[in-house]
Amino acid sequence: MNPKAPAPPAAREPGDQRTAQFGVVSDSLESSDRSDGEATSVTPRRRSTDPGPEANIIQIAHPKGLGLGTRYRFRPGSSVVIGRSKNVDVSLPEVTAISRKHASLTYRIESVILEDLGSTNGTFVNDVRIEQPAVLKSGDRFSVGAVHFKFLQERDVENAYFQAIHEMMVRDGLTQISNKKKFEDEAVREVARARRYGRPLSLLLFDVDRFKVINDERGHLCGDYVLKEVVRLVSDFFRKEQVFARVGGDEFAVLTPEAKIEGASKLGERLRSRVANHEFDYGGVAFHVTCSFGIAELAAEMKSPEELYEAADRALYAAKRAGRDRVEAFVRPAIRSVS
């Protein structure tokens with residue numbers, strides 16, 4: 001993305017090499033081979049007359065996974081417009097859910113104001129749609145269409161930025177639970193621990209039934225809503241040591257240390273029931289959603305997390321074949337004796 005920068009301000013602080021009050025720093029996760037020292041342009045030291053800290057927005061979720069980690073920087077007195085048009089500051093023409101001029105950010109004195117510009121699909125702050133201009137606080141998440149950003153406004157903006165990037169490496173931008181990388185790291189650790197000490201370990205895999213139909217018939221924004229709502233519904237069922245992660249588009253995993261397959265299956269049934277009995281509501285239209293679950297327990301012959309995952313995935317496939325909205329446990333194939 002190459003957003004058009006506004007005209008340079010009338011005056012700059014001595015030593016400030018930037019030519020505008022707004023700029024994009026293309027240090028996205030897609031180019032993670034950069035070292036930390038090369039990740040951002042040099043920021044000059046602040047003088048006592050500086051009107052306020054630089055504000056940053058970081059792109060943390062995109063329907064196509066593009067531009068994750070990209071940072072947009074702006075300073076007091078500047079205004080930024082986000083939209084699908086090529087003539088706005090943050091241009092996202094590939095996202096059809098975004099209006100041509102969707103929302104604006106205006107840096108007034110010490111505050112940054114987010115305003116929806118009459119968009120079709122709305123602007124949200126921390127998952128709540130805004131009807132009036134909203135003052136952002138550092139750490140707030142906001143979304144335009146299907147693209148999500150994190151807002152930062154700190155004196156030590158570089159430290160805050162790198163903390164946000166670190167969080168992106170382990171957390172899913174849409175649902176805010178652990179991501180696939182975090183799950184894989186924890187799975188390696190837990191499988192090694194379970195094998196070493198002979199402790200039980202089970203894995204639940206589940207996905208949203210007919211999720212493609214939801215996206216096709218109700219739109220991708222509704223699909224995003226369903227994913228976030230499913231996460232909200234089931235999150236209270238997990239213990240601290242259990243790892244809940246989004247591992248695919250509509251697929252989730254729950255790693256359950258110290259749980260045998262019977263206990264994991266009971267947990268799966270509670271999750272299934274919670275989702276199936278909930279009335280989803282998007283755009284004033286109520287509907288129901290179901291999920292299918294596959295459960296597997298680490299067996300002595302399983303040497304890696306991949307084998308445990310494959311077993312749970314087979315059970316999930318069996319649940320789909322059996323009619324969906326059900327929990328299936330992995331059963332080892334019987335060994336046929338040769339007489």
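Begin by selecting the open sheet of five strands, whose order is 14-15-13-18-19 and whose pairing is mixed, and keep in mind throughout the tour that this is a predicted model. Colour strand 14 (243–246) and strand 19 (327–329), which stand at the edges; each has a single partner strand, so one side of each is left without a neighbour in the sheet. If you look along the sheet, you can follow a twist that averages 15° from one strand to the next.

Next, select strand 13, residues 201–208, where eight of the eight residues are buried, so that the strand is mostly covered. In a regular strand the side chains alternate between the two faces of the sheet. Show the side chains here and you will find Leu201, Leu203, Leu205 and Asp207 pointing one way, while Ser202, Leu204, Phe206 and Val208 point the other way.

From strand 18, move on to strand 19, to which strand 18 is joined by three bridges in a parallel arrangement. Select Gly294 and you will see Glu328 of strand 19 standing opposite.

Then select helix 4 (residues 220–234), which lies across strand 13, strand 14, strand 15 and strand 18 and runs at about 145° to strand 13.

The last stop is a pair of helices. Two packed helices are described by the angle between their axes and the distance between the axes. Select helix 2 (residues 180–197) and helix 6 (residues 305–321), whose axes come within 9 Å and cross at roughly 110°. Because angles of 65 to 115 degrees count as roughly perpendicular, that is how helix 2 stands to helix 6. Which residues of helix 2 and helix 6 meet? Show the side chains of Phe183, Ala187, Val188 and Val191 in helix 2, and you will find that they meet Pro305, Leu308 and Tyr309 in helix 6. By class, this contact has seven nonpolar residues, with no polar and no charged ones.

Technical notes:
Residues numbered from 1 in each chain as written. Predicted model: local features only at pLDDT ≥ 70, side-chain atom pairs only at ≥ 80, totals over all residues. Heavy atoms only, no water. Axes fitted to C-alpha atoms, helices over the stretch in contact; angles between N-to-C directions. Helix = DSSP H or I, 4+ residues; strand = E, 2+ residues; numbered from the N terminus. Parallel < 35°, antiparallel > 145°, perpendicular 65-115°, else oblique. Contact = heavy atoms within 4.5 Å. Nonpolar A, V, L, I, M, F, W, Y, C, P; charged D, E, K, R; others polar. Buried < 20%, exposed > 50% of the residue type's maximum accessible area, 1.4 Å probe, protein only. Pairing = 2+ DSSP bridges.
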